[in-house]
Amino acid sequence: MAAATPDDLFRHLDSLGIAHETVWHPPVFTVAESRALRGSLPGGHSKNLFLKNKKGQLWLVTAAEDAAVDLKLLPKTLEAGRLSFGKPELLLEVLGVEPGSVTPFALINDPDHRVTFALDSRLAAMEPLNFHPLTNCATTAIGAADFHKFLAASGHVPIDLTFSAIGEPQA
């Protein structure tokens, strides 16, 4: 099955009755580049980590862009064993996106639920939520409740995590 395109994603959101707004921009590869290019887009913005363990289990961790994600503590929290970043080929195979375009919207490309999704509760409470629409050349905003509707339609039930903001005491 071919990976969904941004237009496929937008049609899917429309079919679910989810309002969305997309801003197109030059490609961004880091949170810093995203902040510089997006201007004043309101709401929550994310960092996304595609991870795997030695058993081949896969995770997508989506956190607020300012989250202090401790990669030494995360495996214990997820009960995952040692984690490493998934290779670009695996990312493309499983979620249908390239590095730099990792997004929870890519769960649309995981009908077999190979990926376990973990969501930062601080981000989930922000309004609206902004994610790449399967490409790092755009940012798509949707409401927080609508994001959960998208997740439910994908069959991915998020693991609830809470990350402190960088510089704040760990929760």
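Is Arg122 buried, exposed or partly exposed? With a relative accessible area of 24%, Arg122 comes out as partly exposed (buried is under 20%, exposed over 50% and partly exposed in between, using a 1.4 Å probe and protein chains only). This is a predicted model, so local features need pLDDT of at least 70, side-chain atom pairs count only at pLDDT 80 or more, and totals for chains, interfaces and linings use all residues. Residues are numbered from 1 along each chain as its sequence is written, and side-chain values use heavy atoms, leaving out hydrogens and water.

Arg122 teams up with Asp66 in a salt bridge (2.7 Å, N to O), meaning a side-chain nitrogen of Lys or Arg within 4 Å of a carboxyl oxygen of Asp or Glu. This pair links distant parts of the chain, 56 residues apart: Arg122 sits in helix 5 (residues 121-124) and Asp66 in the loop between strand 3 (58-64) and helix 3 (74-78). Helices (H or I, at least four residues) and strands (E, at least two) are DSSP runs, numbered from the N terminus. Asp66 is partly exposed too, at 29%.

The structure holds three salt bridges. Another one joins Asp8 to Arg11 (2.5 Å, N to O).

Now for the rings. There are five aromatic pairs (ring centres of Phe, Tyr and Trp, the last by its six-membered ring, within 6.5 Å; planes under 30 degrees apart are stacked, over 60 edge-to-face, the rest tilted).
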